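Open the model in your viewer and keep the sequence panel at hand. The tour goes from one selection to the next and says what is there.

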Amino acid sequence: MSVIDMHHHILNVPNYMESLIKQMDEIGIERVCLSGLGLPSDNWLGDLSPTNEDVRKAMKEYPDRVIGFGVIRLGESTVEDVERLYTQGFRGIKTTRPLHNYDDPRYDPIYAKIEELGMPVLFHTGFILQTKVDQQDDVSSARMRPVMLDRVARSFPNLIMFIAHLGMPWHEEAAMMARFHPNAYVDLSGSPMGWRNRKSPSFFQDLFYWEGAFEKILFGSDVHYDDLQSSYNDHKKLFELLNLDETTQQRIFSENMKAILNL
């Protein structure tokens, strides 16, 4: 079974990419959609915080394994920033910590440009980790509720949207986005010790109850390379407990992303 990790963040530490590629080879992960974190320069990670330039270097070094997702911040980034990322070879956009709700009309020109360029967008949704720069960065998890993407999905029907973390803790909103919008998908990403492993299979059956529902899930880890095997194992075990057939699992693990990115 081929696998694509559609939600992975590089860390600016020595030999990170070498270690990641090694783990990918051991697990059988074909490609990884890689992005920075979108944090200000004086964030809690300091010099370890990855940037779009770090991702660009990884894209150049591992062109057959790394798919770059460029980070923008809604409320600060411009249409020109999106165009620049596209010309630099980034295939998608990652965004988090917006200055206003995701559905604020001020972002429409950016969404329109991303849609025009055919770049999917990975939205952080739900609560976000606290950092020492949250006050100066004016962070609010409520701006990133999945329902804040409903107007966006309706206004830009060809904009492919990835809703991260199943909107934790607004899981039902995230699932309904996937149900009502053909252009919306969700991931179940998070720590192996986090929210996903605290939910029973029946929790996911209750959320994804309509025909073809599980085909709107994508595999994304959102962990660093040392937890990647555990993340993959968690997902595989859950899908087996849910009795998902091989075709559905293959769509989750890679086929949907291959179709979206024309791989």
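Begin by selecting helix α10, residues 246–261: its 16 residues reach 22 Å from the first C-alpha to the last, close to the 22 Å expected at 1.5 Å a residue. The expected span is 1.5 Å times one less than the number of residues. Helices (H or I, at least four residues) and strands (E, at least two) are DSSP runs, numbered from the N terminus.

This is a predicted model, in which local features need pLDDT of at least 70 and side-chain atom pairs count only at pLDDT 80 or more, while totals for chains, interfaces and linings use all residues. Residues are numbered from 1 along each chain as its sequence is written, and side-chain values use heavy atoms, with hydrogens and water left out.

Stay on α10 and centre on I252, where the helix has a kink of about 60 degrees. The bend at a residue is the angle between axes fitted to the seven residues ending there and the seven starting there. I252 is buried, and so are other α10 residues, including F253, M257 and L261. Buried means under 20% relative accessible area, exposed over 50% and partly exposed in between (1.4 Å probe, protein chains only).

Now look at the two ends of α10. At its start, a side-chain oxygen of D245 comes to within 3.2 Å of the backbone nitrogen of T247. Just after the helix, N262 has a positive phi of about 55 degrees.

Next, select strand β3, residues 66–72, where seven of seven residues are buried. V66, G68, G70 and I72 point one way from the strand, and I67, F69 and V71 point the other way.

Strand β2 (residues 29–35) runs parallel to β3 and is joined to it by three bridges; two strands pair if DSSP finds at least two bridges between them. C33 has I67 as its bridge partner in β3. Strand β4 (residues 92–95) is also parallel to β3, with four bridges between them, and K94 in β4 is the bridge partner of V71.

Finally, select H8 in strand β1, residues 3–9. How accessible is H8? Its relative accessible area is 0%, so H8 is buried. The H8 side chain makes polar contacts with the side chains of Y16 (2.8 Å) and S221 (3.5 Å). A polar contact is a pair of N or O atoms within 3.5 Å; within protein, one must be able to donate a hydrogen and the other to accept it, and residues adjacent in sequence count only if both atoms are side-chain atoms.
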